[in-house]
Amino acid sequence: MAIMERGNSQEARGQPHETPLKRGVDQQPQTYGDMLNNPQIRRWIERGVVALVVGVLFAVVFDIRIGITAAIMAVIVDTVRRARKNSSVTAWQKSSAAERRTERQLKALQKNGYLVLHARAVPMDDEGVSDGRIDHLVIGPSGVYAIDSEKWDKRLPVRTLSHRKLFHGPFNKKDRLDEARWEAEQAAKALEERVGFEVPVQASVAIYGPSIPWKVMRVRDVDVYAGNRAKGYLRRRPKVLTETDVQRIFKAAETALPPKYPQEHEEAA
């Protein structure tokens with residue numbers, strides 16, 4: 001059951017579903033209708049129409065040279081706008097808004113000796129299961145942390161019951177907490193094998209959206225707090241690692257916990 005729960009929970013975090021491609025035996029030549037249905041060709045037609053309208057308008061009001069210049073500028077502006085809007089990284093590989101907000105907080109901790117790896121894959125466990133992802137692996141003077149950033153519906157309240165249950169409205173978040181703890185445990189094992197000494201990894205969930213009525217609450221061995229407290233959550237903890245330890249663990253983590261999405265990692269670099 002635990003394996004199925006991890007798989008279902010991970011699917012909910014946005015893993016893609018592969019759909020088979022239909023391939024015909026005989027390739028038919030493209031018709032004009034097919035070309036117009038091509039999004040890329042359609043965009044260029046739209047650009048041409050806009051450029052023509054802008055060019056004619058400026059040519060009538062001013063002169064033909066200004067009209068041509070305005071038409072060219074219209075094409076350039078539209079191309080740049082669409083390039084910024086679109087991305088070569090597929091949507092399920094991109095950082096979520098919640099992850100980016102946590103990333104900004106963690107970046108501010110670099111001057112305090114903290115090093116961070118984002119979107120790291122979790123190695124297989126003893127049962128051969130490996131579908132986890134750590135949003136942010138943080139290594140610093142106060143220890144090692146596996147932080148997952150979550151965006152929840154702000155209309156539903158968040159509450160706990162005896163430090164063993166976490167509810168978001170009527171929904172029990174047990175599976176999500178168990179998954180976060182499992183990811184941290186697997187990371188700890190992988191790091192220990194690399195560095196040769198015990199490396200505890202504390203699991204935590206940074207929640208954006210609903211109001212969190214506490215600073216930090218440990219539920220099912222997972223630290224739970226409001227997303228905007230991520231920086232303070234780390235900074236206020238006592239120092240347990242030396243600078244040498246931090247560097248050594250970081251180097252081990254780069255290999256032991258590879259990027260979940262290599263394409264995204266390269267894009268960010």
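**Stop 1**

Select aspartate 178 and lysine 174: their side chains form a salt bridge, with the closest N and O atoms 2.9 Å apart. The term stands for a Lys or Arg side-chain nitrogen within 4 Å of a carboxyl oxygen of Asp or Glu. Before moving on, note that this is a predicted model, where local features need pLDDT of at least 70, side-chain atom pairs count only at pLDDT 80 or more, and totals for chains, interfaces and linings use all residues. Residues are numbered from 1 along each chain as its sequence is written, and side-chain values use heavy atoms, leaving out hydrogens and water.

Both partners sit in helix α6 (residues 174-195), 4 residues apart, about one turn of the helix. Helices here are DSSP runs of H or I with at least four residues, strands are runs of E with at least two, and numbering starts at the N terminus. Aspartate 178 has a relative accessible area of 13%, so it is buried, while lysine 174, at 31%, is partly exposed. (Buried means under 20% relative accessible area, exposed over 50%, partly exposed in between, using a 1.4 Å probe and protein chains only.)

**Stop 2: arginine 133**

Which side chains meet arginine 133 in salt bridges? Glutamate 99 does, at 3.0 Å from N to O. Glutamate 99 lies in helix α5 (residues 97-107) and arginine 133 in strand β2, so this pair ties together parts 34 residues apart in sequence. Aspartate 135 also forms a salt bridge with arginine 133, at 2.9 Å between the closest N and O atoms. Glutamate 99 counts as buried at 10% relative accessibility, and arginine 133 is buried at 7%. Aspartate 135 is buried too.

**Stop 3: the paired strands**

Show strand β2 (residues 133-140) with β1: they pair in the antiparallel sense over 6 bridges. For pairing, DSSP has to find at least two bridges between the strands. Pick leucine 115 and look across to its bridge partner in β2, isoleucine 139. Of the 7 residues of β1 (residues 115-121), 5 are buried, so this strand is largely enclosed by the rest of the structure.

**Stop 4: out to the surface**

Finish with leucine 57, found in helix α3. Is leucine 57 buried or exposed? Its relative accessibility is 52%, so it counts as exposed.
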